[in-house]
Amino acid sequence: MKKLILIPALFFLFMLNVASMCSSDDDNSDDNSPSTSTVTTNVTSGTWRVTLFQEDGTNQTSNFNGYNFSINSNGTMVAVNGSTTKNGTWSTYSDSGSTKFDITFPDANGPFEEITEDWRVLSSSATKLELKHVSGGDGSIDLLTFEKN
């Protein structure tokens, strides 16, 4: 008779444990994500510099030293370092509750190819834009931060 009481009790404890492992903080959406219009307003004035580019745990910010980025309202993005100019595009949109910031540079390799991604906007202000990309292939995480000059 004791075994009949013990089995449902153990089952209840097991289910309680399983339920406690579930979480509502799904990384695919962000209730605090700024709107696309807020991001656009924030980034389309002045010039910006990369203050963090971390790819899969490795800091590669120095690849962008000296570059000033203009993020233009017509969807173009221009990075200038002395006589070197890199032309790209950008856009912002909403995807599954998160604001995305797409960056595209036509470079086939090098640092500008590495930031050509669909970034999730973590935060956006008039002076700072923080982005995150999770690889669909291996789940690695890249971080990119622009700060206004």
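Colour the model by secondary structure. Follow the chain from the N terminus and the order reads α-α-β-β-β-β-β-β-α-β-β-β. This is a predicted model: local features need pLDDT of at least 70, side-chain atom pairs count only at pLDDT 80 or more, and totals for chains, interfaces and linings use all residues. Residues are numbered from 1 along each chain as its sequence is written, and side-chain values use heavy atoms, with hydrogens and water left out.

**Whole chain**

The accessible surface comes to about 8,800 Å², by the Shrake-Rupley method with a 1.4 Å probe, where only the protein chains shown count as cover for residues. Carbon and sulfur atoms hold 53% of that surface. Of the 149 residues, 30% count as buried. Buried means under 20% relative accessible area, exposed means over 50%, and partly exposed is in between (1.4 Å probe, protein chains only). Now consider contacts, meaning heavy atoms within 4.5 Å. Among those between residues at least 6 apart in sequence, 45% join residues at least 24 apart.

**The core**

Select Phe 69, Phe 101, Ile 103, Ile 115 and Phe 146. These residues have the most contacts inside the largest nonpolar core, which has 23 residues. A nonpolar core is a set of buried Ala, Val, Leu, Ile, Met, Phe, Trp, Tyr and Cys residues joined through side-chain atoms within 4.5 Å. Elements giving two or more residues to this core include helix 2 (36–43), strand 3 (68–71), strand 6 (98–104) and strand 9 (141–148). Strand 1 supplies the largest share, three residues. In soluble globular proteins, nonpolar side chains tend to be buried together.

Centre on Ile 115. Leaving aside residues up to four places away in sequence, Ile 115 touches Phe 53, Phe 64, Phe 69, Ile 103, Phe 105 and Leu 144.

**Aromatic rings**

Show the rings. Rings of Phe, Tyr and Trp (its six-membered ring) pair if their centres lie within 6.5 Å; planes under 30 degrees apart count as stacked, over 60 as edge-to-face and the rest as tilted. By this rule there are eight aromatic pairs.

Go to Tyr 67 and Phe 112. Their pair is edge-to-face, 5.0 Å centre to centre, with 75 degrees between the planes. Tyr 67 sits in the loop between strand 2 (58–59) and strand 3, and Phe 112 sits in helix 3, so the pair links parts of the chain 45 residues apart. Tyr 67 is buried at 11% relative accessible area. Phe 69 in strand 3 and Phe 146 in strand 9 are 77 residues apart. Both residues are buried.

Ring pairs link Phe 53, Phe 64, Tyr 67, Phe 69, Phe 105, Phe 112 and Phe 146 into a cluster.

**Salt bridges**

Turn to the charged side chains. The structure holds four salt bridges, each a side-chain nitrogen of Lys or Arg within 4 Å of a carboxyl oxygen of Asp or Glu.

Select Lys 86 and Asp 107. They form a salt bridge, with the closest N and O atoms 3.0 Å apart. Lys 86 is in strand 5 (residues 84–95), while Asp 107 is in the loop between strand 6 and helix 3 (111–114), 21 residues apart. Lys 86 is partly exposed at 22% relative accessible area. Asp 107 is also partly exposed, at 21%.

Move to Lys 100. The Lys 100 to Asp 95 bridge spans 4.0 Å, N to O. The bridge between Asp 118 and Lys 100 spans 3.6 Å. Asp 118 lies in strand 7 and Lys 100 in strand 6, so this pair ties together parts 18 residues apart in sequence. Lys 100 counts as buried at 14% relative accessibility. Asp 95 is partly exposed at 33%, and Asp 118 is partly exposed at 29%.

**Last stop: Thr 145**

Finish in strand 9, at Thr 145. Buried or exposed, which is Thr 145? It is buried, with a relative accessible area of 8%. Not counting residues up to four places away in sequence, Thr 145 touches Arg 49, Val 50, Thr 51, Leu 52, Lys 128, Leu 129 and Glu 130.

How values were computed
Helices (H or I, at least four residues) and strands (E, at least two) are DSSP runs, numbered from the N terminus.
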